[in-house]
Amino acid sequence: MRPSPILVLLFISQVLSSQIQERVDFKHADVSVLVKAESKGIEGKAVYQFEVLKDVDSVFLDAKNMDFSETLLNGKPFTPRTSNTHLAIKKRFKKGEQHTLSVSYSCFPQQTVYFLGWDFPNNQSPQIWTQGQGKYSSHWIPSFDDMNEKVEFDLNITFKEGYRVIANGKLEEVKTEKGLSTWHFDMVRPMSSYLLAFAIGRYDKLEKKSSSGIPIELYYEPFDSLRVEPTYRYTKRIFDYLENEIGIPYPWQNYKQIPVHDFLYAGMENTGATIFSNSFVVDSVAFHDKNYVNVNAHELAHQWFGNMVTEQSGDHHWLHEGFATYYAYLAEKEIFGQDYFYWRLWETATSLNNLSSDGNGEALTNPNAGSLTFYEKGAWALVMLREQVGDKAFREGIRNYLENFAFENVTVGDFMWEMRKASGMKLVDFEETWLQESEFPIKKTKAYLKGKSNSMARYFEIQETLADTVQGFEDQLITSWKGLDSDKLKETLLKKYTNRFPNEFLLEILQKESLSVRRALATSIDKVSTELKGPFEKLLEDDSYITKEAVLYRLWTDFPQDQKKYLDITKNIDGIPNKNVHLLWLTLALVTPGYEENLKPKFFKELGNYTDPRFHFEIRLLAFQYLKNLNAFSDETLKNLVKACNHHVWYFKKSSRKLLHDFLKGEGNEARLISIYESLQPDEQQYLDKTLSQ
């Protein structure tokens, strides 16, 4: 007789509330999964070896919405208690026993595993990838949502022949039979389940080796072959720098980086296999506007801070994100210089101070703090800790922390204990100011930057001088500019005071200053004068797509008689991966009187096509925004907008829903949505029902 679902759920709840899973140590898992693209399903088998540390009357696995076809304990069938979240074994286990648990299962993950592009005919780059942090790997493998359970996972992933599978660990072999290939990956160290990952697609790879001999595998899709160098520029240098700076060898067998379509975040530090957004796959021009360097260094730093040593709970999240952010900034300092580093810190200090001034400051020990706190305030805490204890003690404390807690779970207290031992300091004042206080100590950070950076000290001096200047402000601004040798300082002054500089001085800036300073001017100026027209036209040749976009719009707006000329010059420029220049070009071409009138239907169709799910969500969002400004949604782009309202990327979904709500405010637009209702998918109809009822 099958027990009622309610009784099963009550039983599971009682088991999990009374059980201490720490009494059981899961040591090794041999996992085999068959990934089914067409049905978006998983069939798998997981074999766990575990030891009983203390007497316990039940053991469980986290397993979301799974059907189990076979469950064996030490090779013998047993009947588990299951719910839509767990599989539990109700049995008396005695201390010292060794057991083997084998479960065969199937599931259709509603999150964590993302199947992209398989519904599109003739798609050349379909992908499947995972995201475990915050989503739980237990949606595709019976495992452990608690990051304190660390297991050595070996993965066997089967998929159709002709695709590459990438996952944690060292690839031992690939066997192909009857059109299916099985990829076997071996791990030798334990890790938390949320760091399990795989990606499937049509990938090529570039192989490098670190100076210490670690294989570095850099993946890319074949059509992006010309973008490999600028995308992965400095990767080996970052790897070698972090190994040396941290002082502990890279802890895993190899390191892989895999760009994927429509990723939820910038990147994710899965053990030995970082997955990152393909919006960072750039050409050499886009490298100046949006490069992968910071994300690259951040996710690599996590291989030590987060993966090798892992927080016990969200109360200690600083030990992950603050550390990865800090070491990424150090890597950028190594590559781009000290001036870049200190100005980056000032930017984050300004944001944190604004948050604090608004009464929204957060302590680093607050588990509910936001990303700005954990990442940026966390990085600042390490900057100031190092300043207080000195380089030698700081590095010694970091090494001892990583060595003593390798492949274990840690607390902030564990880290601070190592720092107190290494420095011989009590560090009470540091903990109070940086870990426990919600207010951001802007005066301390400002004093630190003044003492470390000449350009920062000069900036604060200029700010004070200009604040006291009423008469002759422009003259004082020019006087302050002269003799500056910091591009970051010049960029900051331009962004703040562009429209206070006289034209002749702006002309000098355009002729003499660097690419980044010219970009700051191009993106900040309110209007281009006739005197600056020629030099601004020259900026359309700059190696910056952000500059090209800003200048195209500015010139097109300020000199309407030459609109056609500017469109002709820029018609074949795509831009950064979100096609910023080309989407602007299409929009301007549509509204420019007399410009290629016979091609305007083609331009309109192309702009609308960029809202299609085949394109990256950043491209789609920009296309939606331009169509909104043109008031030119077609039925097809409206369908794509409704579809976007259920997208898996939260930011894109939120933005699309706002666009839809704004569209509904227009007269007759509700009727337009109702007219396309029958052509929508059930989940899209459901969302539209909810929206229209509101």
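Predicted model: local features only at pLDDT ≥ 70, side-chain atom pairs only at ≥ 80, totals over all residues.
Strand β1, covering residues 24-36, is joined to strand β2, residues 41-52, by 12 bridges, and the two run antiparallel. Within this pairing, Ala 29 sits across from Tyr 48 of β2. The two strands make up a hairpin, with four residues left between them.

Strands β17 (residues 204-209) and β18 (residues 215-220) run antiparallel and are held together by six bridges. Glu 207 faces Glu 217, which belongs to β18. Five residues separate the two strands of this hairpin, and Gly 213 in its turn shows a positive phi of about 95°.

Next come the salt bridges, of which the structure holds 44. One of them pairs Arg 386 with Glu 245, with 2.9 Å between the closest N and O atoms. Arg 386 belongs to helix α7 (residues 371-389) and Glu 245 to helix α3 (residues 235-246), so this contact ties together parts that lie 141 residues apart in sequence. Both Arg 386 and Glu 245 are buried.

Another salt bridge is made by Asp 562 and Lys 533, whose closest N and O atoms are 2.4 Å apart. This pair, too, links distant parts of the chain, its two residues being 29 residues apart. Asp 562 sits in the loop between α18 (545-558) and α19 (563-570), while Lys 533 is found in helix α17 (residues 533-539). Asp 562 has a relative accessibility of 16%, so it counts as buried. Lys 533 is buried as well, because its relative accessible area is 19% and the cut-off for buried is under 20%.

What about the salt bridge between Asp 612 and Arg 614: is each residue buried or partly exposed? The side chains of these two meet at 3.1 Å, N to O. Asp 612 is buried, at 18% relative accessible area, whereas Arg 614 is partly exposed, at 44%. Salt bridges also join up into a network, whose members are Lys 628, Lys 658, Asp 662 and Lys 665.

Finally, a few acidic residues deserve a look. Asp 429, Glu 432, Glu 437 and Glu 439 come together on the surface as a patch of negative charge. Of these, Glu 432 is part of helix α10, which spans residues 428-436. Glu 432 is partly exposed, with 42% relative accessible area, so it clears the cut-off of over 30% that patch members need.

Asp 62 is another matter: it belongs to strand β3 (residues 56-62). With a relative accessible area of 8%, Asp 62 is buried. From Asp 62 to Glu 347 there are 285 residues in sequence, and their C-alpha atoms are 42 Å apart in space.

Definitions and conventions:
Residues numbered from 1 in each chain as written. Heavy atoms only, no water. Patch = residues over 30% accessible without salt bridge, like charges linked within 9 Å, V, L, I, M, F, W, Y side chains within 5 Å. Areas by Shrake-Rupley, 256 points an atom, 1.4 Å probe, with all protein chains shown as cover. Salt bridge = Lys/Arg side-chain N within 4 Å of Asp/Glu carboxyl O. Lys, Arg positive; Asp, Glu negative; His and termini not counted. Charge placed at Lys NZ, Arg CZ, Asp CG, Glu CD. Buried < 20%, exposed > 50% of the residue type's maximum accessible area, 1.4 Å probe, protein only. Pairing = 2+ DSSP bridges.
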